[in-house]
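Please open the model in your viewer and keep the selection panel at hand. The tour below moves from the whole chain to individual side-chain pairs.

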Amino acid sequence: MAFISIPKPYQLKPRVYPTIRRISIPYLLNPLHFFTTTQDSVPPNPVPETPPAQAENLSNALAQEDKEKLNQRVPPGKHRNPEKVEDIICRMMASRAWTTRLQNSIRALVPEFDHSLVYNVLHGAKNSEHALQFFRWVERAGLIHHDREAHMKIIEILGRASKLNHARCILLDMPKKGVEWDEDMFVVLIDSYGQAGIVQEAVKIFRKMEELRVERTVKSYDAFFKVIMRRGRYMMAKRYFNKMLSEGIEPTRHTYNLLLWGFFLSLRLETANRFYEDMKSRGISPDVVTYNTLINGYYRFKKMEEAEKLFVEMKAKNIEPTVISYTTMIKGYVDLERVDDALRLFEEMKSFGIKPNAKTYSTLLPGLCDAGKMAEAKTILKEMVERYIAPPPKDNSIFIKLLSSQCKYGDLNAAADVLKAMIRLSIPTEAGHYGVLIENFCKVSEFDRAIKLLDKLLEKQVILRPESSFEMEASAYNPMIQHLCDHGQTEKAEVFLRQLMKKGIPDHAAFNSLICGHAKEGNPDSAFEIIKIMGRRELSRDADTYKLLIESYLRKGEPADAKTALDSMIEDGHLPDSLVFRSVMESLFEDGRVQTASRVMKTMVEKGVKEHMDLVAKILEALFLRGHVEEALGRIELLMQSGCTLNFDSLLSVLCEKEKTIAAVKLLGFCLDRDCNIDFSSYDKVLDALLAAGKTLNAYSVLCKIMEKGGITNWSSLDDLIKSLNQEGNTKQADILTRMILKGGEAASGSKKGKKQATIAS
């Protein structure tokens, strides 16, 4: 049970202070002094004489306060309203910690307290803690002896703040202070326990009343019934109802209304009917609250026929239905999909001058949406806006239903009006509301309107609102991001996506669209940053996305970054096609990054791609020419193991022409060791190049190796080599070579081969 409290009016009453001759003139002229009065029925407490020093300090303090007030500007033409003493005390408590210094300041401001002042300070306190501290302090300091009204006020305050232990202690300690308690105080405490959901304590307090011999009337029983019925304790309610009757307390209409409400809340239909009959048998006629309770109860049991009978009966008894009556009936019809009947009642209540409330609108609108009556829904929404009636926060979901339904039936303008109505009614718009419109605008290719909505969404940072509970669906943001990326607005799309990311919305399709957009617009670095973000979020990345990124890097002339993107593509489990490998290798080769191109070639071969041998030959040639002989030979070994065919004659010819004799010697030795197909002319070119370079010993070693493999014995420059060996003092090598030639010539007669065939190792 709630109590409405208002400040007590002061009665202007002059006071006489024994120390008035010691107080300075500013204190006598202080207007605040005349706003504290006492009640005639309460004798004032004696005020001790103020010492001269204290009076002087008090005078100085109040004079300073008056000076500060005078310094405050007052608008021209307006008079200064003097602040009341209780307001000053409340302001002091709100702005300062509760300390002895604050207590002294209050005592200096108010030398004498009365009950009206205490009551009004409690009433004006900013919070319950201030009120409780003040209540206890003035009593413990002996400044006043609290009366019944002060106790009642502090119990109400503590009850509203759920500080029920303090309220209980203050209530039970009242007799110790000589203050009589009454039923109203216990009713307040019982109701406070009920509001806090502590039913058992409410029961204890109610029983305590009997123990303490506090008279219980129907008022306390009603408060008790309300508490226990709210928690479904209908059996306890029946027992105490019988106890109430046994005590000779007659139930009132309000009592029965509470019990009926509780029985229906506990789904006890038969019990509710019995009590309703008992109510009528006692000659208590039902009122509009009774009928509303019964109609709502039958609605909960889906018994709309009985509810209709009661509704008709109520009107037949000249009991005018209220907005609650109509709203309950409309809700029942909507639940039974009888929307036409709900509309009929809606129009009927307006014709009788009963204005629909927020609950009425929020009840009817979902039913109209489900029934496809969008024109009526549009009209009712317009009426809500004109009357500026917003539904309760828990019913804000009706707007998403309105948006979806209007879009479903193709009226996008009406759907846009729903969003405008939300803004007009100060209903918080969420990302999901914008998402429904954006999705449907994209479906019908009205991208300009979708972008305008997106601009508002980003400008107001609706997505980032912490209280947002209705997020945007992927079906809304993916088409929007795709369109922006396809039409050169990837930066806006990224701002949009990053706001979504902060709400923890991962979607690989949106990320891939963003990567493609950046790649198409020539911003591969931004695209690669998105790829890294996807990797941290463990989102899959498409092969086509990587391909676009690589192409973007190549167009920008950054083959090294293209190679990095290619490596990331392979790490993600994608196999680039041969054209991607070729484009990266070509760009690296043309940029002079031969070794990097060689590594890409190695990866290509390892992945089973055996194409583009012309480019492979160029890379190998460049490796030999730059002195990376061992790396080149390693790549050749890998190619041979993979079954690739190489033109060694061409490589040897180029190396000889470029006078890279050492590289040619190593390549030729590699081929001889593996019995590769080498033309005799290639032998001659290598030997001639060595001889021309004066590397006779190298030529001797190569020739010996060739002859051991059954190669040439009729090299045209053989005599020149022997001659050079003799001239350089290498006579031993010359003699050995001469004998090998003679023996080789005899063994090779009649069986000279034009070319030595060898199979390539696989």
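What follows is a sequence of selections, each with a description of what is found there.

Begin with the whole protein, shown as a cartoon, and bear in mind that this is a predicted model. The protein has 40 helices and two strands, and buried residues make up 48% of its 762 residues. If you switch to a surface view, the accessible surface comes to about 38000 Å², with 50% of it belonging to carbon and sulfur atoms. Among contacts between residues at least 6 apart in sequence, 66% join residues at least 24 apart.

Next, turn to the charged side chains, for which the count of salt bridges comes to 45.

Select Lys243 and Glu247, whose side chains meet in a salt bridge at 3.7 Å, N to O. Glu247 is partly exposed, with a relative accessible area of 34%, and Lys243, at 28%, also counts as partly exposed.

Now select Lys350 and Glu383, where the side chains meet in a salt bridge at 3.0 Å, N to O. Lys350 lies in helix H18 (residues 339–351) and Glu383 in helix H20 (residues 374–387), so this pair ties together parts that are 33 residues apart in sequence. Which of the two classes, buried or partly exposed, applies to Glu383? Glu383 is buried, because its relative accessible area of 15% falls under the 20% cut-off, whereas Lys350 is partly exposed at 30%.

Move on to Arg541 and Asp572, which form a salt bridge with the closest N and O atoms 2.9 Å apart. This pair links distant parts of the chain, 31 residues apart: Arg541 sits in the loop between helix H28 (524–536) and helix H29 (543–555), while Asp572 sits in the loop between helix H30 (559–571) and helix H31 (578–590). Arg541 is buried, with a relative accessible area of 15%, and Asp572 is partly exposed at 29%.

For a group beyond a pair, select Arg148, Asp182, Asp184 and Lys219, which are linked in a network of salt bridges.

Finally, return to the surface and select Lys420, Lys452, Lys456 and Lys460, which gather in a patch of positive charge. Where does Lys456 lie? Lys456 is placed in helix H24 (residues 447–459), and with a relative accessible area of 45% Lys456 is partly exposed.

Definitions and conventions
Residues are numbered from 1 along each chain as its sequence is written. This is a predicted model: local features need pLDDT of at least 70, side-chain atom pairs count only at pLDDT 80 or more; totals for chains, interfaces and linings use all residues. Side-chain values use heavy atoms; hydrogens and water are left out. Patches are made of residues with over 30% relative accessible area and no salt bridge: like charges are joined within 9 Å, nonpolar side chains (Val, Leu, Ile, Met, Phe, Trp, Tyr) within 5 Å. Accessible areas come from the Shrake-Rupley method with a 1.4 Å probe; for residues, only the protein chains shown count as cover. A salt bridge is a side-chain nitrogen of Lys or Arg within 4 Å of a carboxyl oxygen of Asp or Glu. Lys and Arg count as positive and Asp and Glu as negative; His and the chain ends are not counted. The place of a charge is taken as NZ of Lys, CZ of Arg, CG of Asp or CD of Glu. Helices (H or I, at least four residues) and strands (E, at least two) are DSSP runs, numbered from the N terminus. Buried means under 20% relative accessible area, exposed over 50%, partly exposed in between (1.4 Å probe, protein chains only). Contact means heavy atoms within 4.5 Å.
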